[in-house]
Amino acid sequence: MKKLSLKIKVTLMFTFFMTLLTCISLGLLFSLSNQEILGSVQAQLEKRVYESMDEVSVQNGRLDIQQDFYDLEDGIYLALYDETGTFLFGRVPYGFQEKAEFADGNMQTVGTGTARWYVFDIKYRPGEFQDVYIRGICSINRAENSVKTVQRLALILLPLLVVFTGTVGYFFTGWTLRPVKRITETVQKIQKDGDLSRRIGLGPGTDEVYVMAETFDKMLVQIEDGFEREKRFTSDVSHELRMPAAVILTQCEEMLEDEKLTKEQKTQLQRIQKKASEMSDMISRLLFLSRADQGRQEIQKERVNLSELTEMAALEMELLADKENIRLEMQIEENLFAEVDESLYIRMVVNLISNAIAYHGGPGYVKIRLQSMENKILGSIEDDGKGISSEDLPHIWERFYRADKARTQDSHSGLGLPMVKWIAEVHQGGIRAESCLGKGSVFTFWLPVEKSGGN
């Protein structure tokens, strides 16, 4: 049941209870109907017997029986007996062999199984003639068979009723849950494109679903306002910090040119310069992501040779790799062209290689691959370093996230991978990470191919 949709669950529940209610109703109806029919048969039998007295008369000292006495009305047989129980006139049903005692004015039930009868007798004296008994006989089984016929028909129609109820319930449930579907679609679109300006907009309503939708819309307004304030704050703070960082770097460069400084003073200034440079880089990345969030980051795509750009980015990182005793290996397919922003692509590849080197722990290798696959270009940065734990892996794309074992370098702010992810996605591509703690990581990105061929 957990795997079924709410629509199916409600439909099944509705169908079950409607079928149960129908079966209970039919059971009660058939039970009451059976009693009503048998009661009606008894009343008709009694009425017919009393009416038959008018059809029995005496002419010239002999009984005169009218033809109507012999007619079979509503399955009722009439017979005339003398006081000794000798049959005189009338009809008895075929198979009626019961020797029931005459009981004036009493309804009797005789027979068993498939041959059961109602018998009603009255004692009657026609004129100057002796007393006689008029007996009415009616089959109980015949009356019950009519009820059984209706029961069989109901059993045949019940599956059709279940199907009809289920179908109606399915469409009715779908119509009822349509607002819930709209809420779900809105949430999925927000998850897909991150557009918090979307609203469900069901309009006015008083039921629980409409109230939930309105509450959800109000929550989205608050969340959107909160994100906008955060974006403005990040942008404003980054702009304000940019100038002081630039001033610190400039002053450090000028002071380091002073030959009067001692070795210890130069060392301290170089530390300040390094931290100021890291801070300036972090501010630059913050500004980049802030502009990206606000849709103000410019993208200038052009058809470029990704093979050359990737090799160029790898060569830039050779010095850092050698310093960490890490071997760079390149497997780059030649002349792979795509429509990208050249500077953003280089920034993405450099960040990925830089991360692989910085978090490696050396010695070891970093492999840079680039190849074409179907309608996309596939690139990967693989290393045999420390790796990332399964607990930390889902969070590496979050801003400022630094895993205890995988992101311990002071020079890394935790903004590089979020920036890389944005660059890949803004080019209608994507990126994923695979890692095993102690065995290394693989970052794979892909970009669509606009055109192919070389210059």
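Mentor: What follows covers salt bridges and then surface patches.
Mentor: This is a predicted model, where local features need pLDDT of at least 70, side-chain atom pairs count only at pLDDT 80 or more, and totals for chains, interfaces and linings use all residues. Residues are numbered from 1 along each chain as its sequence is written, and side-chain values use heavy atoms, leaving out hydrogens and water.

Trainee: How many salt bridges does the structure hold?
Mentor: There are 11, each a side-chain nitrogen of Lys or Arg within 4 Å of a carboxyl oxygen of Asp or Glu.

Trainee: How far apart are the closest N and O atoms of arginine 369 and glutamate 382?
Mentor: They are 2.6 Å apart. Arginine 369 is in strand 11 (residues 364-373) and glutamate 382 in strand 12 (residues 376-383), so the pair ties together parts 13 residues apart in sequence. Strands here are DSSP runs of E, at least two residues, and helices are runs of H or I, at least four, both numbered from the N terminus.

Trainee: Is glutamate 382 buried or exposed?
Mentor: Buried, with a relative accessible area of 18%; buried means under 20%, exposed over 50% and partly exposed in between, with a 1.4 Å probe and protein chains only. Arginine 369 is partly exposed at 23%.

Trainee: Which residues form the nonpolar patch on the surface?
Mentor: Met13, Phe16, Phe17, Leu20, Ile24 and Leu28, with about 640 Å² of accessible area together. Patch residues have over 30% relative accessible area and no salt bridge; nonpolar side chains (Val, Leu, Ile, Met, Phe, Trp, Tyr) are joined within 5 Å, like charges within 9 Å. Areas come from the Shrake-Rupley method with a 1.4 Å probe, and for residues only the protein chains shown count as cover.

Trainee: Where is phenylalanine 16?
Mentor: In helix 1 (residues 6-51), and phenylalanine 16 is exposed at 52%.
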